[in-house]
Amino acid sequence: MNSEIEKPEGVSLRPIPETAVNIYTPKNTFDATVVSKRRINHPSSPNYDWHIVFDIDGCDMEGKYRIGQSIGVIPAGRFNDPALNQIHRGLNSKVRLYSIASASWGDSWDGKTVSICVKREMSEDPVTGQLVFGAASNYICDAKPGDKVQITGPVGKNFLLPDDPLEHDFVFVATGTGIAPYRGMLIELFNAGVERDLWLIFGVPYSTDVMYEADFRYFEKTHSNFNFITAISREQRNAKGGKRYVQDVLVEKESELIPLLQKQSTMLYMCGLKGMENGIYQWLAKINSDLISIPEGLDAKAVQELARDAAEWPIIERTRNKERLLKETY
Ligand SMILES: Cc1cc2nc3c(=O)[nH]c(=O)nc-3n(C[C@H](O)[C@H](O)[C@H](O)COP(=O)(O)OP(=O)(O)OC[C@H]3O[C@@H](n4cnc5c(N)ncnc54)[C@H](O)[C@@H]3O)c2cc1C
């Protein structure tokens, strides 16, 4: 048993709170203390992804955030080196959002902690060739237990679990750190005794990048209603011989997913890189799903052929069924 994801003996489940937003803002931040951190992808991965637990005991956010919301982090003080500070100028004081990765009661079960999952961002400046570290992500991943981090939030009210979660089936689709909210959602659903079908389709470039794999494999082993499938784009091939992305898993599993998504109680969530959306909308168009509307003048076939930056994508995004097709992409 893993006591972070499965309720320990003697602990009562806390009620899910009403949705509260912006209890803390950039002008009124809370100093959260880092309780613990651990790397959540394979040590040989070229990416560095960390699960960080913050102590929010005594904070007005304690017991008031919901899974599906984010918290903001202000990377003030990340760079003590004046040269790096110069590179980042105003960026150091800007809030970056991170999806909450713990259930609404936190990894501590008492609402007094909140956890996030963060990927270190870095790239080379194309002009100078200098390595540039993302300000907030490295600030958080460098923090040590006991360090204080300025947080804001909670933020967002459009990517939550429904108020009657046990009455729904769920298809969760993630790329990269988009996995964060599903960890908390699954912890909430399984501990509430969900009996409906749950799918988690998770896309990453390499198998070493699969985050929280032990947690999801544990759920897979202990809950026969849970399907966990990874799409490893740079290692696996789809039926046409191309890279296998999350939308290829949707195609492979059509015989189960089409009838599931035809049920009006099934919710489809997508979270992660903005680029994941088009492939999912194309699949929904192909299966004639009522989760999206095809813009006038197009048909399902034409949607398959739309250019990546076509003007129709924002229309499809805006007119989707927002009650049942939820998205958080960045
Ligand atoms: C709703 C929402 C939820 C999110 N959830 C998560 C989450 O759960 N986990 C997560 O990890 N992220 C998440 N993000 C993304 C996160 O908010 C940050 O955008 C991300 O961590 C990068 O921030 P940073 O401060 O590290 O990088 P920044 O300092 O903002 O830099 C961004 C990128 O630009 C590069 N860069 C900066 N300056 C230069 C330069 N001069 N030349 C070349 N390159 C440069 C950096 O190396 C970096 O790769 C989420 C975003 C949103 C909107």
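Guide: The C-alpha centres of domain 1 and domain 2 lie 26 Å apart. Those bounds, from an automatic or database domain assignment, are 30-155 for domain 1 and 165-329 for domain 2. This is a predicted model: local features need pLDDT of at least 70, side-chain atom pairs count only at pLDDT 80 or more, and totals for chains, interfaces and linings use all residues. Residues are numbered from 1 along each chain as its sequence is written.

Visitor: How many residues does the contact take from each domain?

Guide: Domain 1 puts in 18 residues and domain 2 puts in 16. Contact means C-beta atoms, placed from the backbone, within 7 Å.

Visitor: Which strand gives the most on the domain 1 side?

Guide: Strand E5, residues 113-119, with three residues. Strands (E, at least two residues) and helices (H or I, at least four) are DSSP runs, numbered from the N terminus.

Visitor: Now the sheet. What's the strand order?

Guide: E4-E3-E8-E1-E2-E5, an open sheet of six strands with antiparallel pairing. Two strands pair if DSSP finds at least two bridges between them. E4 (96-99) and E5 stand at the edges with a single partner strand each, so one side of each has no neighbour in the sheet.

Visitor: How many bridges join E3 and E4?

Guide: Four, in the antiparallel sense. Ile71 has Tyr98 in E4 as its bridge partner.

Visitor: And what lies across E5?

Guide: Helix H2, residues 135-142, which also lies across E2, E3, E4 and E8. H2 runs at about 120 degrees to E5. Axes are lines fitted to C-alpha atoms, for helices over the stretch in contact, and angles run from 0 to 180 degrees between N-to-C directions.

Visitor: Asn288 has a positive phi. Is Asn288 buried or exposed?

Guide: Exposed, with 11 C-beta neighbours inside 10 Å. The cut-offs are 20 or more other C-beta atoms within 10 Å for buried, 12 or fewer for exposed, and partly exposed in between, with C-beta atoms placed from the backbone. Phi of Asn288 is near 60 degrees.

Definitions and conventions:
Contact = placed C-beta atoms within 7 Å.
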